[in-house]
Amino acid sequence: MAIDPNFDQNREVVDDHQGHDVWGPVEEPEQLGIHGTHVAVDFDICDADGVCVEDCPVDVFEWVETPGHPTSEKKADPANETQCIDCMLCVDVCPVDAIDVDSTRA
Ligand code: F3S
Ligand code: F3S
Ligand code: ZN
């Protein structure tokens, strides 16, 4: 299952993490929601492949530890989403389609 590209209509912001939005539902540690708005990562889909962290030309992503999550115990957090230049590389390379980038979302 891929990230919902309309998550900003279908979900609600339930938290703030390092200055970016967290879209629920969140039920830690098993359910973590979507982090980020312009660059959005579905933490419940991310399986810590890491290619986004390695390949983003402007280092938008940083690892965060997520112990107890059933899919993986670390996630690519869009910590620097405001730096994104919309190259779309991360969207193309993520093997589980956990990332959505939309320049119309602030
Ligand atoms: Fe990086 Fe993805 Fe933006 S690779 S520049 S976060 S579209
Ligand atoms: Fe996760 Fe996909 Fe990046 S699995 S670490 S969001 S490439
Ligand atoms: Zn986050």
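Twelve nonpolar residues, no polar ones and one charged residue form the shell around ligand 1. Nonpolar here covers Ala, Val, Leu, Ile, Met, Phe, Trp, Tyr, Cys and Pro; Asp, Glu, Lys and Arg count as charged, and the others, Gly among them, as polar. Of the 13 residues around this ligand, Cys-56, Cys-84, Ile-85, Met-88 and Cys-90 come nearest. Being near takes a heavy atom within 4 Å.

The model is predicted: local features need pLDDT of at least 70, side-chain atom pairs pLDDT 80 or more, while totals for chains, interfaces and linings use all residues. Residues are numbered from 1 along each chain, chains are lettered from A and ligands numbered from 1 in the order written, and side-chain values use heavy atoms, without hydrogens and water.

The shell of ligand 2 holds ten nonpolar residues, one polar and two charged. Cys-46, Asp-47, Gly-50, Cys-52 and Cys-94 come nearest among its 13 residues.

Ligand 3 is a zinc ion. Its protein donors are His-17 (ND1), His-20 (NE2), His-35 (ND1) and Asp-77 (OD), at 1.9 to 2.2 Å. Donors are N, O and S atoms within 2.8 Å of the metal (3.2 Å for Na, K and Ca); water is not among the atoms, so sites may look incomplete. The zinc site is tetrahedral, with angles of 101 to 120 degrees among its four donor atoms; the term requires all angles between 85 and 135 degrees. Along the chain the donors follow the spacing H-x2-H-x14-H-x41-D. His-20 is buried at 3% relative accessibility, whereas His-17 is partly exposed at 22%. Buried means under 20% relative accessible area, exposed over 50%, and partly exposed in between (1.4 Å probe, protein chains only).

The protein has three helices and seven strands, in the order α-β-β-β-β-α-β-β-α-β from the N terminus. These are DSSP runs: helices (H or I) of at least four residues, strands (E) of at least two. Buried residues make up 42% of the 106 residues. The C-alpha trace spans about 30 × 25 × 25 Å along its principal axes.

| Residue | Feature | Loop |
|---|---|---|
| Pro-25 | cis bond from Gly-24, omega near 5 degrees | between E2 (20-23) and E3 (34-35) |
| Pro-29 | cis bond with Glu-28, omega about 0 degrees | between E2 and E3 |
| Asp-86 | positive phi, about 60 degrees | between E6 (74-77) and H3 (89-93) |

Asp-86 is partly exposed at 30% relative accessible area. Asp-97 is also partly exposed, at 40%.

Notes: Four donors count as tetrahedral if all angles lie between 85 and 135 degrees; four count as square planar and six as octahedral if opposite donors are over 155 degrees apart and all others between 65 and 115; anything else is irregular.
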